[in-house]
Amino acid sequence: MNETITAAGENRLRHAKSPYLLQHAQDPVHWYGWGPEAFQAARQEDKPIFLSIGYSTCHWCHVMGRETFRDPEAAEALNRTFISIKVDREERPDIDAVYMAACQALTGSGGWPLTILMTPDQKPFWAGTYLPPRGQRGRLGLVELLGEVERLWRLDRDSLLALGQRVTDRLSQPEEKAPEEPAPLLFQEAVRQCRESFDRENGGFGGAPKFPTPHELLFLLEYAACAHSPEAMEMAELSLTQISRGGIFDHIGGGFCRYSTDEAWLTPHFEKMLYDNALLSYLYLQAYARTKRPWYQTIASRTLEYALRELRLPSGGFACGQDADSEGEEGRYYLLTRQAVCRALGSQEAGERFCQWYGMDGQGEQIPHLLKNGQFDSSAGLFITERETLADYRRRRSPLHRDGKVVTAWNAMMAAALAKAYRVSGEKRYLRAAESTRMFLRTRLAAPGGTLRHCWREGEAAADGQLEDYAYYCWALLELYAANFSVSCLREAAVLAETLEKLFWDRENGGFYATAKNGEPLIVRQKGVWDGPYASGNAVAALALGRLWRLTGEPRFRELWQRQLAWLSGQIGAVPMAGCGGLLAILEAQYPAGELVCVSAERTPAWLAGTAEEHRLLAAAKTPDNSRALALLAPHTAELPIPRRGQMLYLCRDGACGAPSASREQLLSRLAQQEAAVPAAAPPQ
């Protein structure tokens, strides 16, 4: 984050704030951070640039750091031939996205650590991932690669420059489809594509490695509920069940690892990321709300407890994640032997019972799981003390590195999940945690004019906010409004939406750019539509805009939302499964929730948030204390009179409003009548 100018021939990372950059501050490589000093040096010294992108909890980033960047010969070759730049992908996702696209264009794949060779004007001509110091078993080594590039830079530089220009031109001219009116056929095609890659034995999609993809499962869950699709529900439920039974879920300490290295969800890649745990919590809470299956609530609760215990910082924000490695070994923290379990629990009998329940029936180090346990869904109330004892044993044996950087978008995801948890469970501690996270973002990462910073660490905010930061924070504020009905949440969301349009909207073609128009210019300005480990910023912007329009009635939000839905429909039409985040936004438009305004004589009733959640209502609350402020944001609420006592409940569906209800009981009766009258909603035509 901060970079102090140092003498030539030195590693410049020692003054950085990023934990990832600090992990490389003692390398013999003469690292620069991303910035003008590095590019000026490349031009002055007439050298190409070696760009290395990773993050502090990445296992293979650690391996390349130990093996390659601390190798004297590899470091000497880098220092002699290149200007070397280190980037934390979590700190600068814009840089990472551009050069990951370049890697995929050049190689057809990508990953971290990301390795890019490029010209002094930032145009990439070679891309790859992990490189050992020297070639081994058919894998290219860094020393050999650098030697060849050094030769070409001297003798055939024009070929490298031409390749860099071709890659840049390709990235600058992405194929963009014309906007289309959203149609139900998109949903049906997405379900068909899901069916083709669905693993009917283990759940999830495709083969190993397998990612839990919360946005895909949330789409299937919601489509199943709205369109009454047994097939979509079957795919969602089998996946939800098997993922939570496998070793990818930490059955001792709670929370999810990033992905499974096998098809059965048994053996994870052990790093835990905040975004996975936030969005999987949200997913399992929604699954519980839809099915009332207690197992789903158990998994959501244990995941949130993990995040609150392990990732929450004293300042109120949440850290990025925890490392896969401890003591230089991947997974050591999580792997247990039967003997270690028995010792930690204090008796052979207790240890054997635990091991039998959690599938630890082999020898050597194992991963606790419930894949062989037919009674797994009764685990919530069993072995509670034993799990706590073993979790404490793991922490004392080999503690994990935690990246304490706070990322705006990821914290917004967690705030949304916590707000959802309050609405589903009624536990106020979740609401307090969500409000605390919002306060952190509001005071440390938001500026008075409505702009955001991307990340924060040790008292300092850094990097311009990206589309994901604005979109996810706006969505989280609306999720929080549905829990506490604070007009300030609604007001802040409206300001963010206005800033989103001003800084990111493509007025000519539609869609939002990934970076702000006044941000640092890179070789291309991207406009992402496809989902990654979580739904795209464009998808979440559409979700937020739709809800904001329906809550406020503001025409400019409606117009922007409708244009964004048409843009999304056009872009994802060929492969809708890859844009399930966008499908969720389109689904909310095609199957709109009911709208409820609760007007109370005193305070907002405590039951409102839970009732609106259970019956899929978009609720607003008007009281004597907030009526004036609410009317400024939602003028239609000004017409609704405040009763002398109790509350009046105004319910609207499909553009039609009925007579108000005077009590929760009357409201529930009317909702029951409406739901009974529409047993199987057909997709709109």
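This is a predicted model: local features need pLDDT of at least 70, side-chain atom pairs count only at pLDDT 80 or more; totals for chains, interfaces and linings use all residues.
Me: How do you know that the predictor is confident in the protein chain?
Reply: pLDDT runs from 0 to 100. The mean pLDDT of the chain is 94. Of its residues, 98% reach 70 or more.

Me: What makes helix H12 close to its expected span?
Reply: H12 covers residues 294–311, which is 18 residues. At 1.5 Å a residue, 26 Å is expected. From first C-alpha to last, H12 reaches 25 Å.

Me: Why is H12 called largely enclosed?
Reply: Buried means under 20% relative accessible area. In H12, 13 of the 18 residues are buried, so the rest of the structure largely encloses this helix.

Me: Why is strand S17 called largely enclosed?
Reply: S17 spans residues 617–622. Six of its six residues are buried, so the rest of the structure largely encloses the strand.

Me: Which residues cover the two faces of S17?
Reply: In a regular strand, side chains alternate between the two faces of the sheet. Leu617, Ala619 and Ala621 lie on one side of S17. Leu618, Ala620 and Lys622 lie on the other. All are buried.

Me: How do you know that S16 and S17 pair?
Reply: Pairing needs at least two bridges. S16 (residues 594–600) and S17 have six, in the parallel sense. Glycine 594 has leucine 617 in S17 as its bridge partner.

Key:
Residues are numbered from 1 along each chain as its sequence is written. Side-chain values use heavy atoms; hydrogens and water are left out. Helices (H or I, at least four residues) and strands (E, at least two) are DSSP runs, numbered from the N terminus. The expected span of a helix is 1.5 Å times one less than its number of residues. Buried means under 20% relative accessible area, exposed over 50%, partly exposed in between (1.4 Å probe, protein chains only).
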